[in-house]
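User: Got a model open here and want to go through it piece by piece. Can you take my questions as they come?

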Amino acid sequence: MIYLQGDFKVDDTTKKHLIIGAGFVGLGMAQALKAANIAYDQVDASDDIGGNWYHGVYETAHIISSRKVTQFTHFPMPDNYPDFPSAQNMRDYLNAFANHFNLREFIELNRAVSYVRPVENNLWEVTFSNGQQKIYKGVLLCNGHHWCKHFPKLKGEFNGEIIHSKDYKHPDQLRGKRVLVIGGGNSACDLAAEAARVGAKCVLSMRESVWFIPKSFAGFPVADLIKWWMPQWFQRLITYGIIRLTFGTHDNYGLAKPNYRVFDKHPTLNNEVPYYIKHGRIKPKPAVHKLDGCFVEFIDGSREAFDLIVCATGYNVVYPFLSPELQRVELAVVKCYGGSFLEDYKGLYYIGWGQARGGVGSLISAFSPFFIRCLKLQDEINVPLGLVFKEMGEQLPKTHLADPQQIFRQLKLTNFFFNQIVKRAYQVNTQYSNFSNSPLPCLSRATSTPFLP
Ligand SMILES: Cc1cc2nc3c(=O)[nH]c(=O)nc-3n(C[C@H](O)[C@H](O)[C@H](O)COP(=O)(O)OP(=O)(O)OC[C@H]3O[C@@H](n4cnc5c(N)ncnc54)[C@H](O)[C@@H]3O)c2cc1C
């Protein structure tokens, strides 16, 4: 039975869900649970809400997706926001969202989860970093996927400083320095452009050539030009046209043509790198071969001296507080059904781990009503919903990349035919009537200090 929060304060945590994380995704899910009157607690390891936009990004960051696709559909950003709001705008927006929906009273800050494991009676034991333990009915994992730094393996020794893009907070860190940025993604390009402005020199080392997509075209954010009804091949066609009309060809910049199709990798939306290449402020180079004192040698045999290397080489998707049996991540893909659900455990939900190329808010706004229906259905059946989806023929995801338009279409369709899922869920429930979560032992690291974002 779903316990209601609106009618009374639920003290018994075994009747509640726990949301780990009060970033963009955690806040969106909390609002959805609250609106559906589903009892929950929410915790965040940090001293304020907002996640990445509070403690993760550099001061000068602006969103890459547009305001329109990044806002929660049901809570638009203020009219005076630009098309590409700043990190500060994003923080203010998330705070306004939390205030508007009265989410704060259920959020506990400075509360890090160090371990989560299934125990008897299909319940979940949560251990916090202070050693305290609570038993919950279910856990929503909204801990984000932009904090566990991925570093490249570099041969040799470097005399200067090496940081990850996550450690970059302010242009002063680049000012007057000879900077090498490694990577071809959005952070790499933002940082290279920053170094081009304030550094003594900037080299951008890319393992392979990438498609630079302009952030806006003909006065509109490119993300807003893509509509829900457009199949991926059509989006691709439009995007190639936009790239060609804005930048020309890679040849114009001394770069090789990428050897993959646009959208086969997470897109790099950036106008500034092509601009600064044209001004000689960014020098593109191939992959690093080795480090040698203050020099870096590239695979084309060239060598340059640097003071600072910034590795904008991405993040690992990790759940450090889960039992090894529940670590279902392969590369960046969480092997779960329906975006969140396991086939062999109920009550554990992996949320927001994918890398859709749209904005996070519109996706959570579309996903959360579906998730709430699933949560209510899960309450009526004994088998995990993941098993129901599997029995309905759904395959485990093979990639973390996603076309948001396809997700919107799928969710619309699934919501429309949800009674089919309900029907099938009851059938599967009869088939596996003895199902119960297998409890897992408590590991010693459960009470050790967890990662702090
Ligand atoms: C430079 C940069 C630019 C970006 N630009 C865009 C953009 O343009 N558009 C877009 O949609 N997205 C963008 N993103 C992605 C961004 O991560 C999402 O917008 C959003 O922040 C994801 O929200 P989240 O809640 O999943 O994760 P986060 O914002 O990372 O929040 C997760 C929260 O969980 C908490 N937490 C983690 N572990 C624990 C634990 N063990 N116990 C308790 N709490 C815990 C953390 O403290 C954090 O507050 C960008 C990311 C970066 C790095």
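User: Which residue stands opposite Ala305 in S20?
Analyst: Phe295 does. Bear in mind that this is a predicted model.

User: How do S19 and S20 pair, parallel or antiparallel?
Analyst: Antiparallel, over three bridges. S19 covers residues 295-298.

User: What lies in the loop between S19 and S20?
Analyst: Ser302 is in that loop. Its side chain makes a polar contact of 2.9 Å with the side chain of Lys285. The side chain of Asp300 is another polar partner of the Ser302 side chain, at 2.7 Å.

User: Which residues does Ser302 touch, leaving out those up to four places away in sequence?
Analyst: Lys285, Val296 and Glu297.

User: Zoom out. What is the strand order in the sheet?
Analyst: S9-S18-S19-S20. It is an open sheet of four strands, and the pairing is mixed. In general, strands of a sheet pair through backbone hydrogen bonds, parallel or antiparallel.

User: Which are the edge strands?
Analyst: S9 (156-158) and S20 (303-305). Each of them pairs on one side only.

User: And how are neighbouring strands turned against each other?
Analyst: By 35° on average, with direction ignored.

User: New topic, the ligand. How many residues surround it?
Analyst: 30. The closest are Asp44, Asn52, Ile64, Ser65 and Val360. By class, the shell has 16 nonpolar, twelve polar and two charged residues.

User: What does the side chain of Ser65 do there?
Analyst: One of its N or O atoms is 2.7 Å from a nitrogen atom of the ligand.

User: What about backbone atoms, say Ala45 and Val25?
Analyst: A polar backbone atom of Ala45 is 3.0 Å from a ligand nitrogen. For Val25, a backbone N or O atom lies 3.0 Å from a ligand oxygen.

User: How much of the ligand's accessible area does the protein cover?
Analyst: 94% of the 980 Å² that the ligand has on its own.

User: Which elements give two or more residues to that shell?
Analyst: Helix H1 (24-35) and helix H2 (52-56).

User: Last one, helices H11 and H12. At what angle do their axes cross?
Analyst: Roughly 60°, and the axes come within 4 Å. H11 spans residues 404-416 and H12 spans 418-431.

User: Which residues make the contact?
Analyst: From H11, Thr414, Asn415 and Phe416. From H12, Phe418, Asn419 and Ile421. That contact splits into three nonpolar and three polar residues, with no charged ones.

Terms used: Residues numbered from 1 in each chain as written. Predicted model: local features only at pLDDT ≥ 70, side-chain atom pairs only at ≥ 80, totals over all residues. Heavy atoms only, no water. Near = heavy atom within 4 Å. Polar contact = N/O pair within 3.5 Å; in protein donor to acceptor, adjacent residues only side chain to side chain. Areas by Shrake-Rupley, 256 points an atom, 1.4 Å probe, with all protein chains shown as cover. Nonpolar A, V, L, I, M, F, W, Y, C, P; charged D, E, K, R; others polar. Axes fitted to C-alpha atoms, helices over the stretch in contact; angles between N-to-C directions. Contact = heavy atoms within 4.5 Å. Pairing = 2+ DSSP bridges.
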